[in-house]
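I opened the model to look up a few local features. My notes follow.

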Amino acid sequence: MLVSGCASAPESGDAWDPLETPNRFMFAINKTLDTFILRPLAVTYRDLTPNGAQRGVRNALNNLGEPVTAINELAQGEATRAAQTVARFIVNSTIGLLGLFDVAKDIGLPPTKEDFGQTIGVWAKAPPEDGGPYLVLPLVGPSNARDAVGLLVDHLVDPFRVAAHHFDVDWLLYVRTGADAIDSRSRTLQALDDIEKNSVDYYTAIRSAYTQRRAAQIRQRGVVATAALPLSVGGRAELGLAR
């Protein structure tokens, strides 16, 4: 299967999956972790946390991602959107009480979301569906060569990661990652349950959904991803089903 996969070009719109066997193995591990750890935490969080508190947590987590979005918008040649994102970050970090409230949206600064995988896709001459070999990353979930590189670059340029490391408070990053994973998973519970219930092959269905969603995000630059098929844990995230 590995040989035939490497030798065959992907059909237009399909994910190229030359590493399907190890990918399926990692998918099974991620799904087991999701079933016994992340999903129960997400269900508890969804059912016991007031909606207002969930919204505040989501706003704060999104606010922490604004600098990376601004960097990528600048890298995509979108200086105006980058400036708007920086303005959103300043407004929400101050008036919005560290991002708990999305005040910027109410004054005409809508949110955007960009990552380096999208930046590569914008400048690449290949179709957005062609992100290189499809990958299932440990804990992260669905990805491809393009998005895996993007994930690493976003991690390296994240100002909060740099600051936390500099001030020796790396534990804050673990708190942020954990909160992001639980919050993101809580918003995908119904969508992923439906996909699993209605698909013959859950792995293939997730691979297809991920590929289509990332292609749409690259084509629709500046549009915030909806929770309809949020397949990434941690914003990029979403355990077992990321980015």
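**A buried asparagine**

N23 comes first: with a relative accessible area of 4%, N23 is buried. The model is predicted, so I treat every value here as computed from it. I located N23 in helix α2. I then checked its side chain, which reaches the backbone oxygen of Y134 at 2.9 Å. Next I listed the contacts of N23, leaving aside neighbours within four places in sequence. They are D17, Y134, L135, V136 and Y203.

**Helix α2 against helix α11**

I stayed with α2, residues 20-48, and looked at how it packs with α11, residues 189-198. The angle is about 140 degrees and the axes lie 11 Å apart. An angle over 145 would count as roughly antiparallel. The pair α2 and α11 is therefore oblique. Which residues in α2 meet α11? I found K31, R39, A42, V43 and R46 on the α2 side. On the α11 side I found L189, D193 and E196. I sorted this contact by class: three nonpolar, five charged and no polar residues.

**Two positive phi values**

I turned to backbone angles. Most residues other than glycine have a negative phi. L98 has a positive phi, near 60 degrees. I placed L98 in the loop between α5 (79-94) and α6 (103-106). Is L98 buried or exposed? Its relative accessibility is 68%, so L98 counts as exposed.

L139 also has a positive phi, near 70 degrees. I placed L139 in the loop between β1 (134-137) and β2 (141-144). Its relative accessible area is 52%, so I noted L139 as exposed.

How values were computed
Residues are numbered from 1 along each chain as its sequence is written. This is a predicted model: local features need pLDDT of at least 70, side-chain atom pairs count only at pLDDT 80 or more; totals for chains, interfaces and linings use all residues. Side-chain values use heavy atoms; hydrogens and water are left out. Axes are lines fitted to C-alpha atoms, for helices over the stretch in contact, and angles run from 0 to 180 degrees between N-to-C directions. Helices (H or I, at least four residues) and strands (E, at least two) are DSSP runs, numbered from the N terminus. Angles under 35 degrees count as roughly parallel, over 145 as roughly antiparallel, 65 to 115 as roughly perpendicular and the rest as oblique. Contact means heavy atoms within 4.5 Å. Ala, Val, Leu, Ile, Met, Phe, Trp, Tyr, Cys and Pro count as nonpolar, Asp, Glu, Lys and Arg as charged, and the others, Gly among them, as polar. Buried means under 20% relative accessible area, exposed over 50%, partly exposed in between (1.4 Å probe, protein chains only). A polar contact is a pair of N or O atoms within 3.5 Å; within protein, one must be able to donate a hydrogen and the other to accept it, and residues adjacent in sequence count only if both atoms are side-chain atoms.
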